[in-house]
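Subject: Handover of a structure and notes on what was found

Dear colleague,

Please find below the structure that I am handing over to you.

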Amino acid sequence: MESLISRLKMRVNQWRSSGNKVSKDQVSRIFRFRYACFKDLLSSNTEILNTISDFEEKLRGQDIFGMSYVRSQATRAVFHCLRMAKSLDDLSHHRYPMLFPVVDRLNQAIKEELGKRRDLALTEYVMCYSSITKEMVDWVGAKNANLGELLNKTHLPIPRGFAITTRAYEHFIDSNDLYEEINRLRRNLLIDRGDPSLTESVSESIQSLICASPIPDDLADAVLTTYDELVRGGASTHDLPCPDLKVAMRSSAIGEDSELSYAGQYLSILNVPREKLLDAYRQIISSLFSSRALSYRLNKGIRDEDIAMSVACIEMIDSVASGVMYSRHPFHLDENCVLINAVWGLGPYAVDGVVTPDTYTLTKEEPPKMPSPVVSYKPVKLVAGEKEGVEEKEVALDQRNKPCLTPEQAKTLALYAVKLENHYEYPQDIEWAIHPDGRILVLQTRPLHLEEFEKDGVKTFPRLDKYPLVLEGAAVAVPGVGSGPVFLVDSDQDLVNFPDGSILVSRHSSPQFVIVMRKARAIVTEAGSVTGHMSSLAREFGVPTILDAKSAISLLKKDTIVTVDAYSGRIYEGVVPELVSLQRTRESAMKDTPVFQTLKKVAAYITPLNLVDPKAENFRPDACKTIHDVTRLVHELSYQEMFAISDVVSDTDGGGALKLVAPIPLDLRIIDLGGGLSGVSAYTRQVTVDKVTSVPFKALLTGMLCEDLRSVGPRPIDFGGFFSVIREQMVNPKVLSERFGDRSYAIVADKYLNFSSRIGYHYSVLDSYCGETVNKNYISFSFKGGAADEIRRNRRARAIALIFESLGFMVDVREDRLTARYYKFEKLIIESKLEMIGRMLQFTRQMDMLMHSEASVEILAKNFLAGNYQLDGAISAEAS
């Protein structure tokens, strides 16, 4: 830290050596650059944690993925890790060059693992589903691979169809020499990433280029020939010819992560006739370059080289009825049954809310048992258009209140659901349709993510009313169920004493919990981030985890038996058998595939976290074994670098900073890095409080301007403390040399504050980021000094420490120096803590002179927390 300050001051002094006074612009440039580095660092930290979370989900879940996904995500992690290292190095004036070889070593190890996997060459432009399995996801995308798996491994009926492969996409791009032109257009985005109109313009240019390019003759012939075979029945799963066959053409991209792939990002076109096949194909592959997709890949560090598009061409079923079914009830977790929703016509109306579907609930036994269905009123349906597209039609009057399925059809669907769940070893979310000839077809299946089941943005899991509810509304970090006795963790010693099979309950998430994760049945914290370091570790260990569980510490008593429902974010008193039955080992459906083994080996260099304690001896660059380690180290060091920023500005005499006019006893100057002040011009020399727009600074000022504190008069003089100050200055010359000055500074941005208060012999620094992203939010505080003797200064530091501990901060006191940290809480909570710090700064001025006994420590803290800012009575009572 001292070295950093010295380097920055040296830089300022170099400017001064020319004999010129340091200008406001020069000072502003220093801090704007540092803040820009810090923002880039925080942004990349979030991206890496999201990538780690996605890797861990793939290792535990059921999603189909290929080598393109592994390469893309690994490249993305390395890119953002290197960006974090560079940002920290720039932020610190190049004090961390040793990080670059560490990242390079990890990158080489990852590349070596990726290089061991040799993909088979694919030459086909088109593949029928009878030839496709899940291992072919790199060539046909997840949608197509899933349909091939359904047909060839479960032997369930699917619509006839085929996949246009990624080799076809590459052939189309190569044949038209589009790579160079696309890259030329994309380079424009690097000039200004934040310009939406530029992104839209580049997107339109690329998509127009693709749609205007001819499809190579051999590719066009392969597509149309395979389509004609479907018409004749020769290339399908059914032998009957279909002269009027139309297809649904759906995008099936590879290389993206699940956040984009499952967001309906790319184009799908329904009811396409033969003459429109090639045009539709061009439109769909052009959607790979939509403005949203371009922006997403650019900001996420995903290379276009790792992205390709396959297209699913599936028989358009003009279904009599269709819908979705779940192999386990998606929100009544105590009901292990099959749930079927059905509507007349095409399936989208079953999920889009246009029509209330019929509901069928069936048991999983064979044959399934079915109570009476809940039949809804269904006035309209979605059908295939006569020429192309889809349209809405009225349902015949005598059909509107009739069930869509016969009991036999419902039971057949239930048996399909059970078969799919057994094959994938996990509950499934299944789309189905009934062909006009009566055949029941499976259109798609995917994992049923119970923890994500929502309706109108609200979790729809109902409470289990027969069990006492302790709390609800917590955020799910790792889904699952855990039951056991409560054990409260508030210190490192508590972790040492943690009993096997307990529920870990704490105020805040911490990576240090890793040492007991093998013992914990579940983790509950009052605060934390679902993409934070601890959540990542909990996913790695498979520990059900919920965060943001308000008042968990006060509601959950030690040794009380509870059941943590980490699907709905609830905690029940006692053991809940219906939920405990959901505890099961989730194994990947791809665990036996080569690509899964490659993911495991690559993830070993990315996801594990070994550097969990910033105070540990191994918390240094050469001890980093994974990308996660580097991320954790750099993130922690960045706080220290930003914390030191105020020591530089004090050496520049403010550099033209603006004076704050406010009724507080500080000579406070402000440097705005952007968005921290409003209504300020080049001629402004002073500002009022109403001009402050910085979120953390506004919160701090709210506390400092508290009316109750402003009404407090001068502190009562304790002559023992007063003579202690005089004696210390006479006996100890070092005290005089440690006078910090009388000017204070606030370096602000819209979401950032670095506040240094220097009043005589007292010195405090507050550094904070306060925005909507929980992972970025933090408060760091440091206090040192005082003019009284060492004993009184230490007492005041300990009194302030008690205040911070009561506010939930992590605190360290050494002699008269205090440091406190509070991080990864939501914006409103950070604001409330900053307001309290503002009050505390005003309350504790000149307090060291009053600390004449040990009792003063607790009296000062208790009175502040109780809102009693008039200490005269409390001090008199103590003296008596």
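The notes below take the sheets, the cores and several single residues in turn.

This is a predicted model, in which local features need pLDDT of at least 70 and side-chain atom pairs count only at pLDDT 80 or more, while totals for chains, interfaces and linings use all residues. Residues are numbered from 1 along each chain as its sequence is written, and side-chain values use heavy atoms, with hydrogens and water left out.

Helices (H or I, at least four residues) and strands (E, at least two) are DSSP runs, numbered from the N terminus. Two strands are said to pair if DSSP finds at least two bridges between them.

Contact here means heavy atoms within 4.5 Å.

**The eight-stranded sheet**

Another open sheet has 8 strands in the order β15-β22-β21-β17-β18-β19-β20-β16, and its pairing is mixed. β15 (469–471) and β16 (475–478) stand at the edges with a single partner strand each, so one side of each is left without a neighbour in the sheet. From one strand to the next, the twist averages 35°. Strands β18 (residues 503–508) and β19 (residues 522–527) run parallel and are joined by 5 bridges; the bridge partner of Ser 506 in β19 is Thr 525. Helix α16 (residues 533–541) packs on the sheet, where it touches β16, β19 and β20 (545–547), and its direction makes about 55° with that of β16.

**The nonpolar cores**

A nonpolar core is a set of buried Ala, Val, Leu, Ile, Met, Phe, Trp, Tyr and Cys residues joined through side-chain atoms within 4.5 Å. Buried means under 20% relative accessible area, exposed over 50%, and partly exposed in between (1.4 Å probe, protein chains only). The largest core has 50 residues, of which Phe 697, Phe 755, Phe 781 and Ile 837 touch the most other members. A second, separate core of 48 residues includes Ile 182, Leu 224, Leu 277 and Ala 293. In soluble globular proteins, nonpolar side chains tend to be buried together.

**Two buried residues in loops**

Lys 378 lies in the loop between β8 (358–362) and β9 (380–384). Is Lys 378 buried or exposed? Lys 378 is buried, with a relative accessible area of 0%. Its side chain makes a polar contact (a pair of N or O atoms within 3.5 Å; within protein, one must be able to donate a hydrogen and the other to accept it, and residues adjacent in sequence count only if both atoms are side-chain atoms) with the side chain of Asp 358, at 2.9 Å. The side chain of Lys 378 also reaches the backbone oxygen of Ser 376 at 2.8 Å.

Tyr 125 is placed in the loop between α4 (99–116) and β1 (126–128), and counts as buried at 16% relative accessibility. The side chain of Tyr 125 makes a polar contact with that of His 171 (3.4 Å). Tyr 125 and Ser 310 are 185 residues apart along the chain, and their C-alpha atoms are separated by 9.7 Å.

**Backbone details**

Most residues other than glycine have a negative phi, and most peptide bonds are trans. A cis peptide bond joins Glu 366 and Pro 367, with omega about -5°; Pro 367 is in the loop between β8 and β9. His 94 has a positive phi, near 65°, and is partly exposed, with a relative accessible area of 47%. Asn 271, in strand β4 (residues 268–272), has a positive phi near 60° and is buried at 3%.

Yours sincerely

Terms used:
Axes fitted to C-alpha atoms, helices over the stretch in contact; angles between N-to-C directions.
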